[in-house]
Amino acid sequence: TLTLCLFAVSTFAKDLKILSGDLCPILEAPAEALVEFDYSKTTWEEEESYKSFCGEDYEHRVQDSYDTFIFKANSYENPLKFAQESSAAKYKIIIKLDDIERHQGMSMWGRMYIEIRGEIEIFDIEKNESICKIKIKDLSGGEDFAPDDRLKKCFTELAEEFIELCKYLLI
C-alpha cells in the first residue's frame, strides 16, 4: 500500500510528496476531516512574517484559505468530507505553511502568482496519532492581478492536487 501511495504522489501530485506514513487508511470509509491552517511561522518571501506583511488583511486571507480549500476539496466525489468545524470528524488535516512567495507570471500585463511551501500532516483524532506527512514543494496557482485572488487560486490548486491523489488511490 505504501508503494502505491508513493507512486501516486510522484505521478499525480507533482507538488506533493509523502514524507512518512500512509494516506490510504483515510480513504477506506466515508469520514469527515477537520482542516486547520497553521500560519504561526509562515514567512512572506522568506523574510518578514506573513501576518506582518498582510496587516489588517491577515484574518481575511487566513479565512479565504479555509473557504477556498474546503469548498474545492468538497466539490469532488470522494469518501472524505472536509470542514473547518465538526464534532463528528475522524481526522484532522493540518496544513502548515512555511513560506508564501509572489512571482511574476508569464503575462506582460503584470499578473503575478503565489507559490507556497510547507507540510500537510494528517492525524487520526481518536487514536491521537499521525497517519501521514506530506511535503508541499513550490505549489502554485494561476496568475491574477488581485492578491486575494492569487491566494485563492493557490489553495484551489492545493485542494485539487490533494484530491487527485486521493482519487487515484481509490482506484
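Reply: Let's start with R61, which is buried, at a relative accessible area of 10%; buried here means under 20%, exposed over 50%, and partly exposed in between, using a 1.4 Å probe and protein chains only. Please keep in mind that this is a predicted model, in which local features need pLDDT of at least 70 and side-chain atom pairs count only at pLDDT 80 or more, while totals for chains, interfaces and linings use all residues. Residues are numbered from 1 along each chain as its sequence is written, and side-chain values use heavy atoms, with hydrogens and water left out.

R61 sits in helix α3, residues 58-74. Helices (H or I, at least four residues) and strands (E, at least two) are DSSP runs numbered from the N terminus. Leaving aside residues up to four places away in sequence, R61 touches Y39, Y50, F53, C54, P147, D148 and L151, where a contact means heavy atoms within 4.5 Å.

The structure holds 12 aromatic pairs; rings of Phe, Tyr and Trp (its six-membered ring) pair if their centres lie within 6.5 Å, and planes under 30 degrees apart count as stacked, over 60 as edge-to-face and the rest as tilted. In one of these pairs, the ring centres of F37 and F155 are 5.2 Å apart and the planes stand at 90°, so the pair is edge-to-face. F37 belongs to strand β2 (residues 31-38) and F155 to helix α4 (residues 147-170), so this pair ties together parts that are 118 residues apart in sequence. Both partners are out of the solvent by the cut-off above: F37 is buried at 7% relative accessible area, and F155 is buried at 0%.

W44 and F53 make a stacked pair, because their ring centres are 4.0 Å apart and their planes meet at 10°.

The largest one has 45 residues, and F82 and F162 touch the most other members. Its largest share, 9 residues, comes from α4. In soluble globular proteins, nonpolar side chains tend to be buried together. F82 touches A33, V35, F69, I70, A73, N74, I93, F162 and I163, again not counting residues up to four places away.

Helix α4 also carries L165, which is buried at 0% relative accessibility. L165 and L23 are 142 residues apart in sequence, and their C-alpha atoms are 9.1 Å apart in space. Across the protein, among contacts between residues at least 6 apart in sequence, 67% join residues at least 24 apart.

What about cysteines? C24 counts as buried at 10% and C154 is buried at 0%, but the structure holds 0 disulfides, a disulfide being a pair of cysteine sulfur atoms within 2.5 Å.

Turning to the strands, β7 (residues 112-124) is mostly covered, with 10 of its 13 residues buried. β7 runs antiparallel to β8 (residues 129-140), and 9 bridges join them; two strands pair if DSSP finds at least two bridges between them. E121 stands opposite K133 in β8. The two strands form a hairpin with 4 residues between them, and N128 in the turn has a positive phi of about 55°.

Stepping back, the protein has 4 helices and 8 strands, in the order α-β-β-β-β-α-α-β-β-β-β-α along the sequence. Buried residues make up 47% of its 171 residues.

Finally, a word on confidence. Mean pLDDT, the predictor's confidence in each residue from 0 to 100, is 85 for the protein, and 85% of residues reach 70 or more. Confidence is highest in β2, at a mean of 96, and lowest in helix α1 (residues 2-12), at 48. Over residues 1-6 pLDDT stays under 50, although the model has 13 contacts beyond four places in sequence for them. Where pLDDT is low, the predicted coordinates should not be read in detail.

Note on methods. Core = buried A, V, L, I, M, F, W, Y, C linked by side-chain atoms within 4.5 Å.
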